[in-house]
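Keep the viewer open as you read.

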Amino acid sequence: MMELAICHFPSFCQLNRNRPNMAKCDQGYLCEVCGVDVPEITDSDLYLRLVIGEISTRQLMTAPERHIRCNPIQAQFIVDPQFEPVVVTGPLDKRLLDPVDVQRRETLVTRGWLRLKELAGSGLPFNEYPLPEFLPDPAARPKPRPE
Ligand SMILES: [Zn+2]
């Protein structure tokens, strides 16, 4: 199994639990937009992009971290009573986009955000983070149930 030598979220990361002295685990990752630490996976735009298949586990190491709310273009598609809605003004306001695309996007990004809430404290390895259809290893995908 591929093991990644990074740890964004020491509070739940399995790597960190196994190797508590790993230096990288002690460093917070900073949001490239506001410059403040991203403390929890449920605030992480980077991990949201991972679970919805926009980046691979390898790209976790090089892609910039942001707070979910610091990337409003993406965050506006999270529709959940537990998430305070984000409103975008300008040409990328979802109210100006094709409603069918918007609904597809809302379904996906909201599922991704709910997945982050599931992952917090789960201890799952990185390669099992994505939603089932985006898992990197086809063998690890859930089997279709027989009718
Ligand atoms: Zn931020």
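**From layout to core**

Follow the protein chain along its sequence and you get the pattern α-α-α-α. That makes 4 helices and 0 strands, where helices (H or I, at least four residues) and strands (E, at least two) are DSSP runs, numbered from the N terminus. Residues are numbered from 1 along each chain as its sequence is written. Bear in mind that this is a predicted model: local features need pLDDT of at least 70, side-chain atom pairs count only at pLDDT 80 or more, and totals for chains, interfaces and linings use all residues.

The protein chain averages a pLDDT of 81, and 73% of the residues score at least 70. Residues 1-6 fall below 50, and beyond near neighbours in sequence this stretch has 10 contacts in the model. Residues 10-27 are also below 50, with 21 contacts in the model beyond near neighbours in sequence. A contact here means that the C-beta atoms of two residues, placed from the backbone, lie within 7 Å. Where pLDDT is low, the predicted coordinates should not be read in detail.

Across the protein chain, 23% of the 147 residues count as buried. A residue is buried if 20 or more other C-beta atoms lie within 10 Å of its own, exposed if 12 or fewer, and partly exposed in between, with C-beta atoms placed from the backbone. Of the contacts between residues at least 6 apart in sequence, 59% join residues at least 24 apart.

Now for the inside. The largest nonpolar core has 16 residues, and those with the most contacts inside it are Y47, L48, L50, V51, I78, V109 and Y129. Such a core is a set of buried Ala, Val, Leu, Ile, Met, Phe, Trp, Tyr and Cys residues joined through C-beta atoms within 7 Å. Two elements, α2 (45-51) and α4 (99-119), each give two or more residues to this core, and α2 supplies the largest share, 5 residues. Leaving out residues up to four places away in sequence, Y47 touches I41, L116 and Y129.

Take a look at α4 next. This helix has 21 residues and reaches 30 Å from its first C-alpha to its last, close to the 30 Å expected at 1.5 Å a residue; that expected span is 1.5 Å times one less than the number of residues. In α4, V109, G112, W113, R115 and L119 are buried. They share one side of α4 because they cover an arc of only 155° around the axis, the arc being that of the directions from the helix axis to the C-beta atoms. These buried residues pack against α2 and α3 (72-75), while P99, V100 and T107 are exposed on the other side of α4. After α4 comes G121, whose phi is positive, near 85°.

I78 is in the loop between α3 and α4, and it counts as buried because it has 21 C-beta neighbours inside 10 Å. Beyond four places in sequence, I78 is in contact with F83, V109, T110 and W113. S44 sits in the loop between α1 (14-18) and α2, and with 23 C-beta neighbours inside 10 Å, S44 is buried. The C-alpha atoms of S44 and W113, 69 residues apart along the chain, are separated by 9.3 Å.

Conventions: pLDDT = per-residue confidence, 0-100.
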